[in-house]
Amino acid sequence: MTIQSPDVLVIGAGTAGAAAAARLAEGGCSVVLADRRPAAMAGARWINAVPGWLFDKAAVARPAPPERVRAGNTHASVLTDNQGRFFSVVASDPGLHVDMVLLTQRLQQRAMDAGVTFLQGRVADIDLDPQSERLEGVTLALAKTHTATTIRPRLTVDASGAAATLRRRVPALADACPTPTPTDICLAAQYQHRITDPAGAQDFLAAHKASPGDNVTRMGPVGGYSILMINVSEDLTEVGVLSGSIPADGVPSGQAIVDRFCAQTPWLGQRLAGGQAPIPLGQPYTHITAEGVALVGNAANHVYALHGSGVGMGLIAARVLADAVTSARDPGDAHTLHHYAHRFLRTYGGRLAGSDLFRRYSQTQTRDEISSLLNSGLLGGPMLTAGLLQTPFDADLQSLITVAAGALRHPRLALGLAPTAARILRLQAAFTDYPAHPDPRALDAFDTRLARLRRF
Ligand SMILES: Cc1cc2nc3c(=O)[nH]c(=O)nc-3n(C[C@H](O)[C@H](O)[C@H](O)COP(=O)(O)OP(=O)(O)OC[C@H]3O[C@@H](n4cnc5c(N)ncnc54)[C@H](O)[C@@H]3O)c2cc1C
């Protein structure tokens, strides 16, 4: 039986929503989890790369096979420019390759085991308290019965991904969280294909000095912010093809880039699984809570924009939110929810914002400019690894020497990059001052400071 007045209603049963529902229920809350799709169809449908440390921080066990694919050996990431000239090899691929369908299923099962009720239904309407504007009720149009039901939780979590169904409807959040513009939307696609000619796949890998299981990543195939990543399985039977770009910049979408690669690659066979979707880029929102509601995952722009990665940060946000509210008398109270915003943004906001600033810089660069930058040595190995791992760049002496040597060889490139690099460092530092209390004046001052640093 559905609880009509649970402690928490979570909208969206993808990884962020399912993880939030599980941890909230494990902490003692009564939880209803709703998705417009059947539970088995919710969330991402492709293979994602997620650094292992993000699972640890989120208190989610690291994936094991078959959920973790390419688990056999330690693999490298071979990075090439748009001409296929390789400029860097990250010896140990920092991402675990995760079958997102299985990860989502595992998190949903954890939620059900903790007593969460699942409903298939889409948000049809919301009720706000006329005075306080607190979110008091959510009406769901139920898929199976074609009826509507109104749930009155104390806290509603918007984990509806790019749809951001509550963020767009709750006035306090809609005002503070502008919808990403088309130039802030990456269209990405990832598909698994059978390999029909293993010798052809081996030739491809040999041409890139790569081994089966390694990631071969072409940076900037159609413009500054675009990638094409090929991952051949260890047994040479399957290959993953991933691409992402920002079509509003006048370039082909990730799907079109994948399709072109597939059409031009004779050793590729039948398409087995995968999908495409928009990924919201942009700065992480600084207002991720309002009375009775909190945002997590893609709905909160918790995306590491440099490569459009949102799984790990969404899982961490789910944990931080659950831990902030489970022992509170009223989980939807604005002061309680602010603990979540403060803890998450103070720790992770700076690196998300910094990565987005570099994304915007890369969008201003042509394919050839990105190629020159990659080949210049200005982005040294440790910097690239930090970018792939989603960790802050910790400059040791050796990497500073590498960057300085690159700057001496390429002074014009270094001068072009320097202002963005300086802003990234200042943005990262600024988030450590995220206001500890939900004081509107302090939050306004914080936003004004960020706006200055973000200006391009
Ligand atoms: C091709 C591709 C490759 C990617 N690769 C990576 C990668 O390698 N690493 C990485 O970290 N990230 C990657 N990403 C991004 C990653 O997939 C997302 O950041 C992540 O899945 C977001 O999770 P989420 O739970 O916030 O939202 P979602 O997974 O989008 O889940 C949202 C859920 O909400 C439901 N919903 C929406 N609207 C409503 C409504 N009105 N009512 C009820 N339910 C609703 C949806 O049905 C959906 O199930 C990739 C994305 C794409 C498209």
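This report walks through the ligand site, the cysteines and a few backbone features of a predicted model.

## About the model

Because the model is predicted, local features need pLDDT of at least 70 and side-chain atom pairs count only at pLDDT 80 or more, while totals for chains, interfaces and linings use all residues. Residues are numbered from 1 along each chain as its sequence is written, and side-chain values use heavy atoms, with hydrogens and water left out.

## Around the ligand

Let's start with the ligand. It is surrounded by 34 residues, the closest being D35, G43, N48, A49 and N298 (a residue is near a molecule if one of its heavy atoms lies within 4 Å of it). By class, this shell has 15 nonpolar, 15 polar and 4 charged residues. Here Ala, Val, Leu, Ile, Met, Phe, Trp, Tyr, Cys and Pro count as nonpolar, Asp, Glu, Lys and Arg as charged, and the others, Gly among them, as polar. At least two shell residues come from each of α1 (15-26), β3 (47-51), β8 (117-128), β12 (185-195) and β16 (268-280); helices (H or I, at least four residues) and strands (E, at least two) are DSSP runs, numbered from the N terminus. The ligand lies between domain 1 (8-50 + 101-178 + 282-349 + 442-450) and domain 2 (183-280), because both give residues to the shell; the bounds come from an automatic or database domain assignment.

Polar contacts are pairs of N or O atoms within 3.5 Å. A polar backbone atom of A49 sits 2.8 Å from a ligand oxygen, and one of T15 is 3.4 Å from an oxygen atom of the ligand. Taken alone, the ligand exposes 1000 Å², and the protein buries 94% of that (areas by the Shrake-Rupley method with a 1.4 Å probe).

## Cysteines

The structure holds 0 disulfides, meaning pairs of cysteine sulfur atoms within 2.5 Å. For C186, the closest cysteine sulfur is in C262, 17 Å away, which is too far for a bond. C186 is buried, at 4% relative accessible area (buried is under 20%, exposed over 50%, partly exposed in between, with a 1.4 Å probe and protein chains only). C177 is buried too, at 2%.

## Backbone features to look at

The loop between α2 (52-57) and β4 (68-69) holds P66, which is joined to P65 by a cis peptide bond with omega of about 5 degrees. A59 lies in the loop between α2 and β4 as well; its phi is positive, near 55 degrees, and A59 is partly exposed at 31%.

Q390, in the loop between α10 (381-389) and α11 (397-409), also has a positive phi, near 65 degrees. Q390 is buried, at 3%.

Conventions. A polar contact is a pair of N or O atoms within 3.5 Å; within protein, one must be able to donate a hydrogen and the other to accept it, and residues adjacent in sequence count only if both atoms are side-chain atoms.
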